[in-house]
Amino acid sequence: MPAKTTTARKATAARRRKTVPRARVGKGLKVPKTVPIHARMGMWLALQAASQMDARKTVVMSRKDAAILRLTHEGCTTCKGNGQLFTKGKDGSFTGSKPCPAKPTKAKAGRFKVAVAARFSPDKRTGLVGWTCPCGKKEKPKFRDAKEATKALREHEKKKHGKSVGGAWYGQAAEAEAKPVTQAEPVTKTDTTSSMTDEEWEAQNTPLGQKAAENRGVCFCCGGKGALYSARNSVHTTTVCPICLGTGKHRANQPAEA
């Protein structure tokens, strides 16, 4: 009898999860007036804390969705690695957002990378949407798309103004890649007040590997400090990092060697 053969399952392309209504902690609960004042204060604080935690969880979930799109569309020429497209009107104002029609460049994104990109990456808000109101209130990009941002804006207008006052939303897209910094002269300063030894001074250098630096969102050459330290014959010098130009931040086009 021939042996049974199993066919490998085809990996499905990564896609953004659909928003589903979740049970809100403490929703519909009110502080009763029949209990003592100290009990009322405790219940009120508990409800406030539950509301803040629930809002925080929603923001992190949105950031994770945006991180998944950025990681799976890395290098995409259609959306520039953003994962979705922000549309604009003739006057240059944002009019909406839509998923990138191009096929993802990667089939899936690692769970650890997604978590790091959603919480610690300097681009954690890239691909998300925020809103502004003429009254001065501004919400940072934390919504998945323009539809959710508009809904939050309408809620603010209803509570604060009682009607629509012409608020608008905006999207944070991936920044254009900076040009490689290879022509600028490094800025060097000599420290005459240091009491460290040459070994202690040079021990301030904290270079990182490419992967570790990318996960932390810092420059691999200086480890996020923005400077390089060198010493010779008790002459201590500090040089601005030529890779990040002193910002300490990671760039997508950083050279492999400093």
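**Exercise 1. Find what share of the 258 residues of the protein counts as buried.**

Solution. Start with the cut-off: buried means under 20% relative accessible area, exposed over 50%, and partly exposed in between (1.4 Å probe, protein chains only). By this rule, 26% of the 258 residues are buried.

The model is predicted: local features need pLDDT of at least 70, side-chain atom pairs count only at pLDDT 80 or more, and totals for chains, interfaces and linings use all residues. Residues are numbered from 1 along each chain as its sequence is written, and side-chain values use heavy atoms, with hydrogens and water left out.

**Exercise 2. State how many helices and strands the protein has, and their order.**

Solution. Helices (H or I, at least four residues) and strands (E, at least two) are DSSP runs, numbered from the N terminus. There are five helices and eight strands. From the N terminus on, they run α-β-β-α-β-β-α-β-β-α-α-β-β.

**Exercise 3. Identify the residues of the largest nonpolar core and the elements that supply two or more of them.**

Solution. A nonpolar core is a set of buried Ala, Val, Leu, Ile, Met, Phe, Trp, Tyr and Cys residues joined through side-chain atoms within 4.5 Å. The largest one has ten residues: Phe-86, Val-129, Trp-131, Cys-133, Phe-143, Ala-146, Ala-149, Ala-152, Leu-153 and Trp-169. Strand S3 (129-132) and helix H3 (146-160) each give two or more. H3 has the largest share, four residues.

**Exercise 4. List the contacts of Phe-143, leaving aside neighbours within four places in sequence.**

Solution. Contact means heavy atoms within 4.5 Å. Phe-143 then touches Leu-128, Val-129, Gly-130, Trp-131, Glu-148, Ala-149 and Ala-152.
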